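This report covers a surface patch, a chain interface and some charged pairs. Please read it with the structure open.

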Amino acid sequence: MNEMERLSANMKAAFGHPARRRLWLTAGSGMLIAAGLIARYGFGMIELWSGLMVIAALLAGSDIAVRAWRALKVRHLSIELLVTIAVAGALVIGEYWEAAAVTFLFMLGAWLEMRTMGQTRGALKDLLDAAPATATVLRDGEPVEIPAHTVQPGETVLVKAGQRIPVDGEVTEGTAAVSEAAITGEPMPAEKAPGARVHAGTIAENGLLRIRATNVGADTTLARIIQRVEEAQEEKAPSQRMIERFAQWYTPSIIGLAVAAFAFTQDIRLALTLLVVGCPGALVISTPVSIVAGIGRAARSGILIKGGQHLENAGRIDTIALDKTGTLTEGKPRLASVIALDGTAEDELLRLAATAEAGSDHPLGRPIVEAGRKQGPLPTPETLDEHAGMGISARIEGREVAAGNRRLMEKLGIPLGTDGEAGLERLLRAGQTPILVAADGKLVGLLGMSDMAREGAAEAIARLRDIGIGRVVMLTGDQPGAAEAIAREVGIDEVHAGLMPEDKLELIRGMRAGGAHVAMVGDGINDAPALAAADTSIAMGAAGSDVAIETADIALLKDDLGKIPDAMAISRATLGNMRQNLVIALVTVAGLLAGVFSGDIHMAGGMLVHQLSVLIVIANGMRLLRVPKEARRAAAGRESREQPATATART
Amino acid sequence: MTQKTVLRSDELSCPSCVPKIEKALRGLPGVEKAEVRFNTGRIEVEHDPAQSDVEALVKAIRGTGYEARPSAF
């Protein structure tokens, strides 16, 4: 390759890419303008100055004109067309400096806007980049590298230390510390051993994992999150829709105004200047830029906000209702006491309760089933009935067995007796959740369950109050004693216990009827009606549950209560940011129009102000991407503390 | 046969480029639907690859002054 060929190849590379070509043209015209200014004010060479300005205008203007022409070919009146007409007019009437400055500023502004807008979208880019393009799979015992989305479900994927996991799947061999920050925003890596589920986009920080692929490509949790975030970013907030309707009329009105202004005043400069300021740039970009940044920032910390509408709603929340089990508590209750009554053996009591609970997926049932299985194999119930919010009844080996709360016993007409009442009293005093077990219409014993408050729960509640959520309420189907023990521990003073799902719904409705803006936080199916009734529904631990990702307005990918104040803070900040941007944009438009008509602003100045306002609006939106100081401090606090703050009285 | 192709561009800086790109894409043979999402820079095209392949989509977008690349999702 000789020198000329290499040069032409380089030129082609530089000019073949539209963005790069524009950057070169902008730089070129900028240098010509600088040279022209030196020629005029340094050496008084007016002729040279004019010549350089014309060349600068033509250089930068060529690209604008070409784009205007291409848009015109598909019948689209573009902003480039306005600028082209204005610059052509300026050249005709001899305003060389204005023409050069306008084209240069337009190109430079567009380039800067592209760069900053790209950064605003950057939060999502991190997520997109989190998915590796290739995967190493075992085929006939040999590792083969293939594109990640072509892995077949069921195939074994190898992941070495430091690599990103390319698919969703289950660990079959090996152990590793896996950083899930890309998905959940959680900085601490989780230990993964055979049987554990891993997600595409997470990083194996050490070890070597063999993973059986379950979901690949667009079916992975990461892909669904990206899709959700994008849909959320695209979903227009009500204020954005209003502005877009306004903007539709704005550009044509400006053209009309320019024509009318020329007809009345015969002032061609005034008319051309109006065309230059005619792009509603800052206005149309003011809300999308805040929403993209706000939702992107939230996604980066594992908070999915499902769109501008929900962002606006969440920004107004003043009351938060929380479910207890699984939300405020770990949702992993332990079997803390066993009280056998009426001559029943403890192992028989456990066996009956465990057999009945084995058919239910209630979180309180799990530890009972585990304890029952330890004693030996469990029989299969002949029939099984779930009583929502009360418990379960079953026929086991010909016996009618019921396990649940006091209300279930009342419903079935089973008396508690003095021993039963005494046992219940004892469990409630200890802050445990009692499960009453009856067989053949008689109470045979009680089981006491205790659950731990979630790590950081008290702190999260305190932060909610700090950011101005005046009322924090616990709604639970659990007994008052157990509910109040947890409430005291986390700092909630309004407790509604012993609720049925429809009671929760009614309470939420009541709060809203009283004028409150209510957010409901829950995780279970029994919270679904209350979640639907709230202004904003927040689901916890959504990374493992598609239902939560699909239905909640705000989904927290990780079970971390601290993310709730984060989500509220981000929503509020985004709302505020949107309002600031609107004010900046409207003031700019008003100022520009006033300036043009009073004769204080000419073409170059108008273009400068216009491009600056767009950049200011984008830069303001970008502020949302930063992690607020308090959130960072709180996150650091959560990590550094080793022991959760738990109650002492519950054993 | 119609297929759906997702392209992404980092360069959309003003919402005015949205209709411009959409109109250019819809002008191609075999393109049934073209949607440009300004907020995310995501471009969704439903097209017949026999008449206009992915390369043709990229070229049409480049013609309006923006660089885009195909994306898996």
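## Nonpolar surface patch

I38(A), F43(A), M45(A) and L48(A) make up a nonpolar surface patch, with about 410 Å² of accessible area together. Patches take residues with over 30% relative accessible area and no salt bridge; nonpolar side chains (Val, Leu, Ile, Met, Phe, Trp, Tyr) are joined within 5 Å. Areas follow the Shrake-Rupley method with a 1.4 Å probe, and for residues only the protein chains shown count as cover. I38(A) sits in helix α2 (residues 18–43) of chain A. Helices are DSSP runs (H or I, at least four residues), numbered from the N terminus.

The model is predicted: local features need pLDDT of at least 70, side-chain atom pairs count only at pLDDT 80 or more, and totals for chains, interfaces and linings use all residues. Residues are numbered from 1 along each chain as its sequence is written, chains are lettered from A in the order written, and side-chain values use heavy atoms, without hydrogens and water.

## Interface of chains A and B

In chain B, 26 residues are in contact (heavy atoms within 4.5 Å) with 37 residues of chain A. The two chains bury about 2600 Å² between them, 58% of it on carbon and sulfur atoms. Buried area is the accessible area (1.4 Å probe) lost on being put together, summed over both parts.

## Salt bridges

Chain B and chain A share 3 salt bridges. The rule asks for a side-chain nitrogen of Lys or Arg within 4 Å of a carboxyl oxygen of Asp or Glu. E230(A) pairs with R8(B) in a salt bridge, with the closest N and O atoms 2.6 Å apart.

Over all chains, the count is 32 salt bridges. D63(A) and R21(A) form a salt bridge, at 3.4 Å between the closest N and O atoms. This pair links distant parts of the chain, 42 residues apart: D63(A) is in helix α3 (residues 46–73) and R21(A) in helix α2 of chain A.

How values were computed
Patch = residues over 30% accessible without salt bridge, like charges linked within 9 Å, V, L, I, M, F, W, Y side chains within 5 Å. Helix = DSSP H or I, 4+ residues; strand = E, 2+ residues; numbered from the N terminus.
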